[in-house]
Every structure is written in C-alpha cells, then in structure tokens.
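Have the viewer open and follow along.

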Amino acid sequence: MADDITETSQTVAAGQLRAFIERIERLAEEKKTIADDIKEVFAEAKGTGFDTKAMRSIIRLRKKDQAERQEEETILDLYKAALGMV
C-alpha cells in the first residue's frame with residue numbers, strides 16, 4: 001500500500017512537472033514570435049528612414065519614471081563635463 005501511495009505521488013509530481021515544462025515551452029515560443037514581430041517593426045521603421053538606435057533609447061527611457069530619467073541625465077551630464085565632452 002505504501003508503494004501505491006509513493007507511485008501515485010511520483011505520477012502526480014511527474015504530471016505537474018510535465019505541465020510546467022510544456023507551459024514554459026509554449027511561452028518561450030510566444031516570446032520568440034513576439035521578438036520576431038518587434039524586429040520586423042524596427043526593420044520597417046529603418047526602411048522609412050528612422051534611426052532605430054534612437055528609437056530603442058526612447059523606448060528604454062519611456063520605461064523609467066521621470067525622477068529616474070532626470071537622475072540618469074544628471075549623472076550623464078556630470079560625467080560628460082568631467083571628460084570635457086560639453
């Protein structure tokens with residue numbers, strides 16, 4: 001009887017593990033599809049004359065709040081001044 005319980009527990013655990021793995025695999029495939037779509041949008045933007053490097057910078061900045069952006073810009077200005085770049 002103890003063997004039956006152990007076997008059932010292992011079967012349940014194996015089933016859960018398989019379900020998690022399959023979900024992760026599906027999500028990874030969706031992630032790849034989305035990444036490909038984003039790449040296509042950047043290629044389209046580049047084809048119409050936009051600077052994709054600048055676009056990526058803008059996207060990165062938009063993810064940050066105003067205070068974080070200001071702090072980053074202040075530090076960058078300070079470093080540029082120290083290096084005689086301004």
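## Starting point: Arg18

Does Arg18 count as buried or exposed? At 53% relative accessibility, Arg18 is exposed, where exposed means over 50% relative accessible area, buried under 20% and partly exposed in between, with a 1.4 Å probe and protein chains only. Arg18 belongs to helix α1; helices here are DSSP runs of H or I with at least four residues, strands are runs of E with at least two, and both are numbered from the N terminus. Between the C-alpha atoms of Arg18 and Glu73 there are 47 Å, with 55 residues separating the two along the chain.

A word on ground rules: this is a predicted model, in which local features need pLDDT of at least 70 and side-chain atom pairs count only at pLDDT 80 or more, while totals for chains, interfaces and linings use all residues. Residues are numbered from 1 along each chain as its sequence is written, and side-chain values use heavy atoms, with hydrogens and water left out.

## Overall build

Buried residues account for 3% of the 86 residues. The accessible surface is about 8000 Å², and carbon and sulfur atoms own 59% of it; the areas come from the Shrake-Rupley method with a 1.4 Å probe, and for residues only the protein chains shown count as cover. As for charge, the chain carries 15 positive and 18 negative charges, and their mean positions sit 8 Å apart. Lys and Arg count as positive and Asp and Glu as negative, leaving out His and the chain ends, and each charge is placed at NZ of Lys, CZ of Arg, CG of Asp or CD of Glu.

Which residues does Phe42 touch beyond four places in sequence? They are Thr52, Met55, Arg56 and Ile59, with contact meaning heavy atoms within 4.5 Å. Phe42 lies in helix α1 and, at 11% relative accessibility, counts as buried. Leu78 is another matter: 36 residues separate it from Phe42 in sequence, and the C-alpha atoms are 32 Å apart.

Leaving aside neighbours within four places in sequence, Thr52 is in contact with Phe42 and Lys46.

## Salt bridges

Side chains of opposite charge can pair when their charged atoms come close. How many salt bridges does a search of the whole structure find? It finds two, a salt bridge being a side-chain nitrogen of Lys or Arg within 4 Å of a carboxyl oxygen of Asp or Glu.

One of them joins Asp36 to Lys32, with the closest N and O atoms 3.1 Å apart. Both residues lie in helix α1 (residues 2–47), four residues apart, or about one turn of the helix. Asp36 is partly exposed at 35% relative accessible area, and Lys32 is partly exposed at 46%. In the other bridge, Lys64 meets Glu72 at 2.2 Å, N to O. Glu72 is partly exposed, with a relative accessible area of 37%.

## Two more stops

Lys31 also sits in helix α1 and is exposed at 63% relative accessibility. Lys31 and Leu17 are 14 residues apart in sequence, with 21 Å between their C-alpha atoms.

Glu68 takes us to helix α3, residues 66–82. Its relative accessible area of 40% makes Glu68 partly exposed. From Glu68 to Met85 is 17 residues along the chain and 23 Å from C-alpha to C-alpha.
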